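This note is meant for a colleague who is meeting the structure for the first time. Please read the points below with the model in view.

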Amino acid sequence: QDACAVVRNETANLNALIVADGVGSHFGSAEAARVAVEAVRQSLLEASRGAIPRPGDLIHFAQSQLAVYVDSRQAPLPPDVNADNAFGTTLLCAVETDGQILAGYTGNGAMLHIRGNFNQFPPS
């Protein structure tokens, strides 16, 4: 139920990694992960130099695209599925530009933890 993409946009001079971990206990988690990753991938491919979307904006766009997808989905939810617990996914996006790496994350909080005193990558 996971999805990922790598983006290289030479026009915007950016590289990006996008990972969505569909919440396995949610109905449609694989669909949610796929839609979220594709929304962010497309946004980054369309970016131009000086107009690179911020990771938070990318996440909000992915959320809106997922809402559109769910609303337009043809198949009804099974009767035992609560709509509030369907199509769940986490989303992590890291965008590398000249001199910086930007990261955005939304989800259940269990996937990503960076210590408050983190200031450099270990040699390994």
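Is Phe87 buried or exposed? The points below begin with this residue.

1. The model under review is predicted. In it, Phe87 is buried, its relative accessible area being 8%.

2. Two aromatic pairs are found when the whole structure is searched. In one of them, the ring centres of Phe27 and Phe87 are 5.8 Å apart and the planes stand at 85 degrees, so this pair is edge-to-face. Phe27 belongs to the loop between strand 2 (14-22) and helix 1 (29-45), while Phe87 belongs to the loop between helix 2 (55-72) and strand 3; the pair therefore ties together parts that are 60 residues apart in sequence. Phe27 itself is partly exposed, with a relative accessible area of 26%.

3. Tyr69 and Phe87 also form a pair, with ring centres 6.4 Å apart and planes at 80 degrees, so it too is edge-to-face. Here Tyr69 lies in helix 2 and Phe87 in the loop between helix 2 and strand 3, so that distant parts of the chain, 18 residues apart, are linked. Through ring pairs, Phe27, Tyr69 and Phe87 are joined into a cluster.

4. The largest nonpolar core comprises 21 residues. Leu14, Ile18, Val40, Leu44, Leu91, Cys93 and Val95 have the most contacts inside it. Two or more residues each come from strand 1 (2-9), strand 2, helix 1, helix 2 and strand 3. Helix 1 contributes the most, with six residues.

5. What is Leu44 in contact with, leaving aside its neighbours within four places in sequence? The contacts of Leu44 are Val7, Asn9, Leu14, Ala16, Ile18, Pro53, Leu58, Cys93 and Val95. Another core, of five residues, lies apart from the largest one. Ala32, Val35, Leu66 and Phe87 are among the residues of this other core.

6. Strand 3 (residues 89-97) and strand 4 (residues 100-106) run antiparallel and are joined by seven bridges. The two strands form a hairpin with two residues between them. In the turn, Gly99 has a positive phi of about 80 degrees. Leu91 stands opposite Thr106 of strand 4, and Leu91 is also among the residues with the most contacts inside the largest nonpolar core.

Conventions:
Residues are numbered from 1 along each chain as its sequence is written. This is a predicted model: local features need pLDDT of at least 70, side-chain atom pairs count only at pLDDT 80 or more; totals for chains, interfaces and linings use all residues. Side-chain values use heavy atoms; hydrogens and water are left out. Two strands pair if DSSP finds at least two bridges between them. Helices (H or I, at least four residues) and strands (E, at least two) are DSSP runs, numbered from the N terminus. Rings of Phe, Tyr and Trp (its six-membered ring) pair if their centres lie within 6.5 Å; planes under 30 degrees apart count as stacked, over 60 as edge-to-face and the rest as tilted. Buried means under 20% relative accessible area, exposed over 50%, partly exposed in between (1.4 Å probe, protein chains only). A nonpolar core is a set of buried Ala, Val, Leu, Ile, Met, Phe, Trp, Tyr and Cys residues joined through side-chain atoms within 4.5 Å. Contact means heavy atoms within 4.5 Å.
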